[in-house]
Each structure stands twice: as C-alpha cells, then as structure tokens.
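Colleague: I would like to learn how to read a protein model. Could we go through one together?

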Amino acid sequence: MGAPTRTGRRGDSLLRRAGQGLALPFLPSDGARRALELGEELQRPITTGRRIVVTRPRAGAGEATVTALLAAVFAHYRQDRVLTLDITPGSTSLARRLGVEPSSSLGEVARRRVAASSFEDLEEHLARVRDRLWMLPAVHGGAEEALEARDFRETLLPLTRYFGITLVDRGADVYDGFNHAAQAGAHAHVLVAPATADGAADIARGFDWMAAQGDTATPKRAVVALVEQGPDEDPAFDLDGAAAVLRRSGAAVVPLRHDRHLAGAEALEPRRIARATHTAATRIALHALRRAG
C-alpha cells in the first residue's frame with residue numbers, strides 16, 4: 001500500500017492568489033511586522049517539553065486536520081523536535097493527514113520496553129513526516145494493545161523529553177485510562193468543533209459543566225477551533241457572537257474557514273493551504289503555546 005494520495009488543488013483559487021500577489025506591495029507594514037512578531041513568539045525557547053491535546057466533542061469535527069496543521073506550524077517555526085501522537089485506537093486519520101504510514105506504535109514501544117536513553121534509540125519507532133516532525137500512533141488496533149494510565153506515565157512521558165512540542169490527537173469518545181491520563185497531563189487543550197450553532201453549543205455545554213464542577217482553570221488553558229467544513233455550512237450561525245460567549249470562559253477562539261485543499265486532499269501539503277488557513281493555524285498554535293506556559 002502506497003503513501004496517502006496528494007492533490008494539486010490549492011486552498012486559494014487562482015483568482016484569489018492573483019489578487020493576493022497584486023496586493024502584496026500595498027499591504028500595511030504593520031501587518032508584516034505583526035506576522036514576524038508571531039513567528040518570533042512561536043520560536044521562543046521552552047525549558048521542558050509541552051504537551052498539547054487536540055480533541056473534539058463529537059465525531060467528524062476534524063481534529064486530525066487541526067492536529068496536522070498545528071504540527072506543520074510548529075515544525076516550520078521551531079528549531080526543536082515536534083511529535084504528533086494519535087491515541088484513538090485503530091485510527092489512521094492523523095497518519096493520512098500527515099502523509100505517513102507508521103510501522104510501529106507507542107504500544108509496541110511499551111511492550112518491547114524500549115530503553116529510550118537517547119533520541120536515536122526511539123527514532124526507529126517513529127514515522128518521519130519532514131524535518132523536525134515525527135508521528136506515532138498509540139496502537140495499531142486490537143484490544144490486546146490497549147494502553148493504560150501507567151503506559152502514559154512509564155512510556156509516553158519519558159519520550160516527550162526529546163520533543164519541544166508533543167501534539168496528542170485524542171478522540172473524545174474514548175474513555176480508557178491512557179486517554180484520561182493524557183488529557184489530565186496536558187499543558188494546554190485545543191477543542192475542535194464545527195463552525196455551526198450545534199458545534200459551538202457543544203463547547204459551551206462543556207465549559208458550563210466544568211464551571212459547575214468548580215473547574216475554572218481548564219477553559220483558560222483551552223483554544224477553541226471552530227472549523228468550517230464546507231462553504232456556508234450554517235449560514236444563520238453567528239460566529240462572532242458565539243466566539244464572544246465562549247471567550248467569557250477564558251478560552252481563546254479561532255475560526256478556521258473552509259479550505260479547498262483540506263477538503264480535497266488526504267495528505268496535507270502546507271504550501272497548498274489557503275493563506276487564511278495558514279494565518280488561523282498560526283494563531284491557534286500561538287494561543288496554545290501561551291496557555292501551555
């Protein structure tokens with residue numbers, strides 16, 4: 001089986017790319033300066049590795065796409081290593097988005113008790129995506145590979161010391177001990193929901209439940225990505241109003257507009273995503289890094 005199919009379709013149409021090229025000399029210098037500042041902040045040194053969990057309240061929200069976008073942003077701007085980990089059992093969504101076919105898994109690393117005393121010991125178990133970016137699924141599938149909380153403590157945590165950023169793609173409908181430990185051990189959370197009234201309501205209900213439990217800290221460590229999965233997916237949806245409501249909890253909120261490349265390709269090619277997509281993904285990454293401390 002070959003690598004996931006790529007497509008030549010770009011996120012921005014030819015007409016839009018032409019317009020952007022014509023407008024470039026006339027863009028305000030403040031905009032260019034702000035872009036440089038964002039890049040510099042994303043490059044700031046980290047004393048210990050940061051774990052960012054990307055999750056969703058319901059299936060089909062596109063958290064694997066957001067994880068892949070964030071991985072591309074961090075790998076582009078940072079000089080340390082970035083690891084992406086898919087901990088939904090049997091899932092191949094993140095691997096397809098990154099264009100890799102992993103030959104190993106975290107479960108295999110745990111079973112073999114790999115002594116990762118150096119990055120070189122670990123590297124043979126990782127799928128290399130591009131410079132500074134690697135991917136590893138938690139398991140390949142099957143109950144015999146189920147991971148528990150102790151696997152998080154004894155296997156995953158020691159590995160993250162070799163990476164500046166570890167992005168954990170987690171399906172919200174998975175309730176095993178490993179998933180709970182990964183969620184609890186995150187420095188920051190990215191919550192992915194459709195850019196619809198129902199999607200925003202799912203996030204709002206989650207924040208309300210946390211407040212009822214006395215948990216006001218988690219929303220302040222969260223970034224909400226409202227993903228438009230099709231053009232005019234919910235025309236009546238008040239995106240600005242919903243974002244304002246969600247921000248009252250302390251979370252950051254970033255809309256991610258429909259992108260033709262992301263909709264039409266299995267494997268993400270960073271150079272082909274729309275300019276607006278790149279800007280939004282950079283903002284999500286920066287908010288997450290700030291909240292990770």
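Colleague: Is Thr 84 buried or exposed?

Modeller: Look at the relative accessible area. For Thr 84 that value is 0%. Buried means under 20%, so Thr 84 counts as buried.

Colleague: Which residues does Thr 84 touch, leaving out those up to four places away in sequence?

Modeller: Thr 84 touches Ala 71, Leu 94, Leu 98, Leu 133, Trp 134, Met 135, Leu 136 and Leu 167.

Colleague: Now the sheet. What holds strands together in general?

Modeller: Strands of a sheet pair through backbone hydrogen bonds, and the pairing is either parallel or antiparallel. Here, 8 strands form an open sheet with mixed pairing. Their order is β3-β4-β2-β5-β1-β6-β7-β8.

Colleague: Which are the edge strands?

Modeller: They are β3 (127-130) and β8 (252-256), and each pairs on one side only. From one strand to the next, the twist averages 20 degrees.

Colleague: How many bridges join β3 to β4, and in what sense do these strands run?

Modeller: There are 3 bridges between β3 and strand β4 (residues 133-137), and the two run antiparallel. Take Ala 127 as a case: its bridge partner in β4 is Met 135.

Colleague: What about strand β5 and its pairing with β1 and β2?

Modeller: Strand β1 (residues 50-55) runs parallel to β5, with 6 bridges between them. Val 54 stands opposite Asp 169 of β5. β2 also pairs with β5 in the parallel sense, over 5 bridges. There, Leu 85 has Val 168 as its bridge partner.

Colleague: How many residues of β5 are buried?

Modeller: In strand β5 (residues 165-170), 6 of the 6 residues are buried. Ile 165, Leu 167 and Asp 169 point one way, while Thr 166, Val 168 and Arg 170 point the other way.

Colleague: Which helices pack on the sheet?

Modeller: Helix α9 (residues 197-212) lies across β6 (188-194) and β7, at about 145 degrees to β6. Helix α11 (residues 239-247) also packs on the sheet, where it touches β7 and β8. The direction of α11 makes about 155 degrees with that of β8.

Colleague: And how do I describe two helices that pack on each other?

Modeller: Give the angle between their axes and the distance between the axes.

Colleague: Where is confidence lowest, and where is it highest?

Modeller: First, a rule: where pLDDT is low, the predicted coordinates should not be read in detail. The protein averages a pLDDT of 84, and 85% of the residues score at least 70. Helix α1 (residues 14-23) is lowest, at a mean of 42, and strand β7 (residues 222-227) is highest, at 97. Over residues 1-5 the pLDDT is below 50. It stays under 50 over residues 11-27 too.

Definitions and conventions: Residues numbered from 1 in each chain as written. Predicted model: local features only at pLDDT ≥ 70, side-chain atom pairs only at ≥ 80, totals over all residues. Heavy atoms only, no water. pLDDT = per-residue confidence, 0-100. Helix = DSSP H or I, 4+ residues; strand = E, 2+ residues; numbered from the N terminus. Contact = heavy atoms within 4.5 Å. Pairing = 2+ DSSP bridges. Axes fitted to C-alpha atoms, helices over the stretch in contact; angles between N-to-C directions. Buried < 20%, exposed > 50% of the residue type's maximum accessible area, 1.4 Å probe, protein only.
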